[in-house]
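Please open the model in your viewer and keep the selection panel at hand.

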Amino acid sequence: KSSLLLPAMFDGVKLAAVATVLYIIVRCLNLKSPTAPPDLTYQDTALNRFLLKSCSQLTKEYIPPLLWGKSGHLQTALYGKLGRVSSPNPSGIRKYLPMQDGATATFDLFEPLGDHRTGDDITMVICPGIGNHSEKQYIRTFVDYAQKDGYRCAVLNHLGALPNIELTSPRMFTYGCTWEFAAMVGYIKRTYPQTQLIVVGFSLGGNIVCKFLGENRTNQERVLCCVSVCQGYSALRAQETFLQWDQFRRFYNFLMADNMKKIILSHRHSLFGGNSVKMIDTDLSRLYTATSLMQIDDNIMRKFHGHSSLKEYYEKESCVHFIHNVHVPLLLVNAADDPLVHDSLLTIPRTLAAKKPNVIFALTLHGGHLGFFEGAVLFPQPLTWMDKVIVGYANTICQWEKQKPPCQSGHMSESSCTEEKA
C-alpha cells in the first residue's frame, strides 16, 4: 500500500510544482491583465474631439504580444537590448553646428520619401532618450515610418552620445539642456523657411523638448504640435523613486548609471583633460565608484552648467517648471507599467491635461519604457504602437490646421475664437 502511495505523492508534488511555476509565470508575465484603449485626460474642445475621431490609436485598444507583451519589464528589456525588430536603415546627412562655448552639436537630416498628405512642407524635429542618437534602432524605425508619410526628419545626436564623434569642449548632454536642440531647430527654420514643425521627444528627450518649448514663446513659432513619450517630468520627484527596489527601479538605475559611466569615460580626455576647469581628478575617481544616476549627476553632470547642488540641477533642468507655458497642441504619452517612471510622477501630466485645453495625456496599460510592441502571440511587429500614435496624431493635427478657419487652429483658444466671431 505504501509503495502505491509514494508514486502518487510524487505525482502530487510534481503537479504542485508545475502549478506553482505556472502561477509565477502568469503573475510575472501579467497574463491576466486585460487589454484596453489608453486612459485619456483632456478637455472637451473642438480640436480634441477632432483628434479622438480621427486618430484611431488614441481610442482603440493597444494589444501587446500575447505571451510577454503585458510585462513592462520584458517590453523595456526588449527595447533596451534589441531596440526594434527588423529595423530599417534610413539614409540621412549628418550636420555639424558650432556652439558658442566651443561644443559641436550634431544632428542627422532625413528627407521625406514622398509628399505629405496635406501638400505642405513639414519637418519632425526629434530628441532621443538618454545617451541615444540617430543610429539607435527605435529612432531608425520611427524615422523610416515618418519619412514614408511625407515628413522630413531631423534627429539630434545627444552631445557625447555618438561613439565616433569627439567632444570639442568639456561639456556633454545633460537632463534638461536645450542648447543643442535649439541649435538644430534654428538651423531647420533658417534652411527651410516654409517648413512647419512637429516636435517629438522620447524619454529624456521628452523632458528637453517640453522645456525648450516652454522656455520662450518664440520657440513655439511655426510649431504645429509636440509629442512626448515616456518622460518623467520632474527629476527631483523621480530621484527618490529611483532608489527604491519597487519594480526593480534600483536595478534599472544601476544599469543606466553604468551606461552613462561608459559614455563619460569614453570622453575622459575632453572632459577631464588640462583644458577642463569644471572637472577634476577627484570627480573622475568618484565616477568609477558610482552605482546610481544621482551620484553621477551630483559629481559630474550638474557641474557642466555650474549648478551648486543636485537639487538645483534637477529643479532647473526639469520641464515641470516650463511645460505650462506650452500653448501648441501637446500629446503626453506614458505607460502604466513603465518600470522607470513611478506612478506618482503621472499626476503632473494628468493635472496639466485637466487644466489646459491644448494637452492630451494618454496612459496605456502596457508598453513598458519605450517598448509598445505589437504582435499576435510571440513575435513583435517591426512597427510599434508608439510609432503609429505619434504619426497618427501629427497627421490629424496637420489635417486640422489645413481645413479649419484660422480662429480654430490649435494655437488659439476657443474663447479667442468666439471673440473673433463676435
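Select Ser-318 together with Ala-235: the side chain of Ser-318 reaches the backbone nitrogen of Ala-235 at 2.9 Å. This is a polar contact, that is, a pair of N or O atoms within 3.5 Å; within protein, one must be able to donate a hydrogen and the other to accept it, and residues adjacent in sequence count only if both atoms are side-chain atoms. The model is a predicted one, in which local features need pLDDT of at least 70 and side-chain atom pairs count only at pLDDT 80 or more, whereas totals for chains, interfaces and linings use all residues. Residues are numbered from 1 along each chain as its sequence is written, and side-chain values use heavy atoms, with hydrogens and water left out.

Ser-318 lies in the loop between α12 (310–317) and β8 (330–335); helices (H or I, at least four residues) and strands (E, at least two) are DSSP runs, numbered from the N terminus. Ser-318 counts as buried because its relative accessibility is 1%, where buried means under 20% relative accessible area, exposed over 50% and partly exposed in between (1.4 Å probe, protein chains only). Not counting residues up to four places away in sequence, Ser-318 touches Tyr-175, Asn-207, Lys-211, Tyr-233, Ser-234, Ala-235 and Leu-236; contact means heavy atoms within 4.5 Å.

Tyr-233 belongs to the loop between β7 and α7 (235–241). Its phi is near 70°, a positive value in a residue other than glycine. Is Tyr-233 buried or exposed? With a relative accessible area of 0%, Tyr-233 is buried.

Move to Arg-222, in the loop between α6 and β7 (223–229). Here too phi is positive in a residue other than glycine, with a value near 65° for Arg-222. Arg-222 counts as partly exposed, at 31% relative accessibility.

Now select residues 179–191 and 204–215, which are helices α5 and α6. Two packed helices are described by the angle between their axes and the distance between the axes. For α5 and α6 the angle is about 65° and the axes are 10 Å apart; axes are lines fitted to C-alpha atoms, for helices over the stretch in contact, and angles run from 0 to 180 degrees between N-to-C directions. The two helices are therefore roughly perpendicular to each other, given that angles under 35 degrees count as roughly parallel, over 145 as roughly antiparallel, 65 to 115 as roughly perpendicular and the rest as oblique. Phe-181, Ala-182 and Val-185 in α5 meet Ile-208, Val-209 and Phe-212 in α6. By class, the residues of this contact are 6 nonpolar, no polar and no charged; Ala, Val, Leu, Ile, Met, Phe, Trp, Tyr, Cys and Pro count as nonpolar, Asp, Glu, Lys and Arg as charged, and the others, Gly among them, as polar.

Select α4 (residues 137–148) and α14 (residues 385–403), whose axes come within 10 Å and cross at roughly 40°. That angle makes α4 oblique to α14. Tyr-138, Thr-141, Phe-142, Tyr-145 and Ala-146 in α4 meet Met-386, Asp-387, Lys-388, Ile-390 and Val-391 in α14. This contact has 7 nonpolar, 1 polar and 2 charged residues.

Within α4, select Ile-139. Ile-139 counts as buried, at 0% relative accessibility. Leaving aside neighbours within four places in sequence, Ile-139 is in contact with Ile-126, Pro-128, His-133, Ser-134, Val-155 and Phe-202.

Finally, display the whole chain, which has 15 helices and 9 strands. Buried residues make up 55% of its 422 residues.
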